[in-house]
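Here is my note for you, in numbered points. Please keep the model open while you read.

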Amino acid sequence: MSAHELVTPATAPFALTVDSGGDRIPTTGGSPRLSWKAPVGGAADRYEIDAVVDDRLLPLAEVSSSAFVEWPWAALASRSRVEWRVRAARPGATWSRWAAFEVGLLAEDWTASWISPAPPATDDDGTAGRRPAHLLSVDVELDQEVRSARLYSTALGLYTATINGSRVGAVELSPGSTSYDRTLYAQAADVTDALRVGVNRVEVELSDGWYRGEVGAFRVPAEWGTTLGFRAELHLELADGSHRVIGTGDSWISALSRITGAGLMDGQTLDLTAAEAPPRPVLVDVVDAPPIEWSPAPPVRVIEVREPVGAWEIRPGVWVLDFGQNASGRLRLEELGPEGTRTVIELGEHCGPDGDLSTAHLDSHRPGEPATLFVQRDEVVAGPTPASFEPRHTVHGFQYARITRHGATFDPSTVSMRIMQTELERAGTFECSDPDLVRLHEIAEWSFRGNAVDVPTDCPTRERLAWSGDYQVFISTATRLFNVHGFTRKWLRSVRDDQLEDGRITNFSPDGRRIKHHVDQQFAQMTGSAGWGDAIVAVPWELYRDSGDRLVLKENVEAMTRWVEWALEQARTKRHHVRVQRSPEPEWFEEFLWDGTFHWGEWIEPRQHDADGRPIDPVQADPMAWFTADKGEVGTAYLHRSTATLARITGLLGRTADANRYAALAEHIREAWQAAYLRENGITSVDSQASYVRALSFGLVPEQLRAAAADRLVELIHAADDHLGTGFLSTGDLLPVLAEMGHTDTAYSLLRRRTAPSWLHMLDRGATTVWEDWEGIDDAGQAHESLNHYSKGAVVRFLHTHLLGLRQDEDSIGWRSVIIAPVPGPDLEWARGSHESPQGTLRVEWRREGDELVVDVDLPEGTTGRLLFPDGYELHVRAGATRAARPLPATAPTTDHDAALATAQTEGRS
C-alpha cells in the first residue's frame with residue numbers, strides 16, 4: 001500500500017473525497033462521508049472500500065453508491081489518520097489511488113481550558129472594530145525530537161498563530177464566521193517542522209473578528225459576546241513513542257499586541273515601534289462556547305497575488321495604485337521605510353475622474369440621520385529592523401489603494417495584492433466567439449469570488465453581510481461556476497441557528513445583530529421578507545438538485561417548514577392596508593395572499609430620473625411610502641414557490657401527508673395569485689417586466705395565457721428601447737424565460753445591449769465585477785452604490801444553459817440526465833464549456849460549419865442526455881464522446897425547436 005502512487009489506472013475510480021474542509025489535508029468528524037467518480041465503462045452497482053486507520057487495516061466494506069457514502073465502519077476516534085481506496089466489486093477490478101484524511105479532535109475529547117486575555121487597566125478596552133489585538137503565548141520545552149505534531153485550535157474572535165516565529169497553517173480569518181452562540185469550528189494544522197529540541201514559543205494574536213467586531217453598513221457592534229477566548233491543544237508524537245499534549249490553561253500569559261487596532265470592516269493598525277507590553281496571567285474558563293465541530297467547507301486562503309498595473313503620485317507623498325481587479329483581500333508591503341515612518345493605506349473600488357481614490361458611493365445613509373462614512377484603512381509604523389506588513393486581522397474589498405507616506409521614499413513595486421476567498425474548486429467553464437460575453441462571464445465569476453469569503457456576502461465593502469436574498473437568486477448560478485457544496489452547507493447552518501422562534505428567517509446570517517433577541521427593534525419588522533427568507537427553501541433544494549445529497553434536505557427541512565408555516569399564517573391573518581380600506585371583508589382568495597407584512601420587493605430595479613437627470617432612490621425619496629407599498633405580488637409568488645418546493649422535499653423524505661398538504665396549499669396560492677394579480681388577457685396588475693418574469697418562471701400563469709404574458713413582457717422591453725427593467729429578484733430568470741417562450745431574439749438583444757441599464761454597459765465603464773446599481777458609474781465618472789454585488793451576475797447562467805445549451809433534466813438529480821440544446825445567438829460562431837458533476841466532467845462544444853451546426857458532447861459514466869438541435873431534431877446520447885451535425889434553420893428557430901426548448905427549460909434550470 002502506498003499513498004504516493006502517481007498514476008490512476010484508467011479503469012479505476014478517481015477523485016476520492018470526503019465532505020469536509022481542512023488545511024492541506026481534509027479534517028473530518030468521526031463519521032465522514034466518502035465520494036468518488038467512475039471512469040467511462042467503469043461504473044458498478046456495488047463498490048469495495050479498503051481503509052487503513054492509524055496503520056490498522058480494516059475489513060473490506062461493500063457499498064452500493066459512489067456519492068456521499070456513509071462511513072461503513074464504526075465511528076472514528078479523535079485524531080485518527082485514515083488512508084482509503086475503492087474499486088468496483090467485481091473480479092479483476094482495479095483499485096483507485098489511495099486518498100488520505102484525518103479526524104479532528106472531537107468535542108468530547110477536548111481537555112484544554114478556554115483562555116482569555118487579561119482585562120485592560122480600565123473598564124473600557126476600546127471601540128468595536130478598533131480595539132487592539134492581544135498576544136497569548138506559552139513556552140514548550142522538548143527534550144527529544146518530534147515525530148509528528150498537530151495543533152488543534154479555535155477562538156471566540158479571530159486568531160493567527162506562530163510557533164518559533166513560523167506561521168501555523170495557511171488558513172485565513174480563523175475560525176471563520178458562524179453564529180457563535182450555537183456553532184464553532186476548529187482548525188487543525190501539521191506543525192511538525194516548526195518544533196525543535198529545546199524551548200519552543202507558541203504565540204497567538206487574538207482580535208475581535210466577527211465575534212465582537214462591527215456588523216454591516218452602519219457599523220453596529222456585534223453581540224455574540226463581550227470577552228474574547230482561545231482554546232487549543234498541541235498534540236505531540238515524540239521520538240520515544242510517547243504522546244504529549246500541551247493545552248491552553250493557566251500556564252499561558254497575555255499581553256497587548258503591537259496591533260494597536262484591528263477590525264474586519266475598518267482595517268488594522270500596527271506599530272512596530274511600540275514597546276513590548278508587560279505580560280499578565282490569562283483568564284481561564286470565563287467564556288461560554290458551543291461544542292467544537294469541524295467545518296464542511298473549504299478554508300479561506302490567499303489564492304492569488306497581483307502586482308499593481310498602474311501607479312501614480314497624486315500629490316507629494318500620496319500614491320494611488322491600481323491592481324486591475326476588484327476583489328477581496330489585503331495588501332502586503334515589503335518595505336516600510338526608516339524607523340518611525342508611518343504608512344497609511346486606504347482602499348476602495350473606484351478611482352474618480354481626478355485620479356484619486358473615491359469611496360463616497362459606499363457611505364451609508366438613513367433618512368434624517370448623518371451618513372456613516374465608509375472606511376477601509378490600514379496603517380503601519382516602521383520599527384528599528386526591516387520588516388514587511390500584511391494585515392491578517394482584516395480583509396478588504398478593493399481594486400485601488402491610496403498610500404500615504406511622508407518623510408520617506410515609496411516604491412510601488414514593493415506592494416502586492418493578496419486576493420483572499422474560500423478555496424472553491426471550479427465546477428464550470430464557458431467560452432464563446434464573442435469576447436464581450438466571455439468577459440461578462442469573467443466579471444460575474446470575480447464578483448462571486450470576491451463575496452465568497454467564508455460566507456456568501458452581498459458585497460465585500462459597505463455591508464459585507466451574508467444576505468439571504470443575494471444567495472437565493474444566485475445559488476443556481478453558483479453551482480454552475482464552483483463546487484459550493486460544503487461552503488453552502490456551512491452557511492445554511494448559520495441560517496438555521498439564527499432562525500427566530502416564530503419561524504422567520506433573518507435577512508442575513510450569521511446575524512451578529514442577533515435580531516432573534518431584539519424582536520421589538522425596527523429592523524426586526526423588516527425581517528421575514530419574501531425572496532430573502534425563502535432562501536431556506538430554495539438554496540437547499542438547488543444544492544440537492546446539483547449534488548444529489550439528500551442530507552442537505554434532511555438538515556434543513558424543519559427550518560423550511562417553520563418558515564413556510566409562518567408565511568402561511570401571515571397570509572391568513574394579515575391584509576395589506578389598501579385592501580382593508582377597499583373592503584372590510586376579505587375576498588375569497590385573500591387568505592392565500594401574502595401582502596400584509598414587510599417585503600423588500602423586486603429591489604433595485606432601474607431607477608427613474610428627476611428633471612436634472614439624477615437617479616431617484618425610492619427609499620430615500622419617500623421611506624414610508626416605500627416601506628408600506630403593496631408588494632403582495634412578489635410575496636404571494638414566493639409563497640407559492642416555497643410551498644410547492646416544500647411539497648416535493650417532504651415527499652422525497654417520505655413525509656407523504658405533509659407533501660400532499662403542501663401541494664394542495666401551493667395550488668390554492670397559485671389560484672389566489674391569479675385572482676389577485678392576473679387579468680383574463682394575461683396582463684398582470686403590476687404590469688412590470690419583473691412581474692412577468694416571476695410569473696412565468698414560477699409557473700403561476702395558466703398555460704393558455706403564457707404566450708400572452710410573454711408577449712406583454714416583450715412589449716415592455718421594446719417600449720424601454722430593448723432595455724431590461726428587472727431588479728434584484730428576477731434578473732437572473734429574465735433571459736431564460738424569454739428563451740423558454742420562444743423570444744430568443746429579444747433575449748440576445750438584451751444580453752448585448754450596451755447602454756444602461758445593461759450588463760455590457762458595465763463592461764464599457766470598466767467594470768471588473770458586477771455592480772449593485774445598473775448605473776454604477778455615471779457619465780461623469782462618479783460611482784453609485786457597491787461596484788461588487790454578484791446578484792445581477794446570475795445572467796451568466798443563461799450562457800451555460802442556453803447559449804452553450806447544457807442543463808440538467810427536470811427529473812434528474814445530481815446530473816444523471818442532461819439536456820444539450822444550444823441556442824446560437826446572432827453572429828456567434830462557436831461556444832464551448834464544461835461542468836464538473838458528481839459523476840464527472842460534462843463537456844459541450846458547438847460551432848457553425850457552413851450551413852450546419854456541429855455539436856460535440858462528452859458525458860461521464862452514469863450520465864445520459866438528449867441533444868436538441870435548432871431544427872427540432874433530437875438525439876439521445878450516452879456516456880463518452882458524441883459528435884452530431886444538423887442543418888441550421890434558414891430563419892429563426894422552428895416552432896418545433898421553440899417547443900422543445902420550452903420543454904427543456906421547464907424541465908430544469910440547473
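How many bridges join S3 to strand S7?

1. Strand S3 is joined to strand S7 (residues 69-70) by 2 bridges, and the two run antiparallel. Two strands pair if DSSP finds at least two bridges between them. In S7, glutamate 70 is the bridge partner of arginine 33.

2. Some ground rules. This is a predicted model, where local features need pLDDT of at least 70, side-chain atom pairs count only at pLDDT 80 or more, and totals for chains, interfaces and linings use all residues. Residues are numbered from 1 along each chain as its sequence is written, and side-chain values use heavy atoms, with hydrogens and water left out. Helices (H or I, at least four residues) and strands (E, at least two) are DSSP runs, numbered from the N terminus.

3. S3 also pairs with strand S1 (residues 14-18), antiparallel, over 3 bridges. Here valine 18 has leucine 34 of S3 as its bridge partner.

4. Look at the cover on S3 (residues 33-37): 5 of its 5 residues are buried. Buried means under 20% relative accessible area, exposed over 50%, partly exposed in between (1.4 Å probe, protein chains only). Arg33, Ser35 and Lys37 lie on one side of S3, and Leu34 and Trp36 on the other.

5. Helix H16 (residues 744-751) is mostly covered, with 6 of its 8 residues buried. Among them are Tyr748, Leu750 and Leu751.

6. Now find the open sheet of 4 strands, in the order S38-S39-S43-S44, with mixed pairing. Its edge strands are S38 (806-808) and S44 (874-877), and each pairs on one side only. S38 pairs with S39 (residues 817-820) in the antiparallel sense over 3 bridges. Valine 818 in S39 is the bridge partner of glutamine 808.
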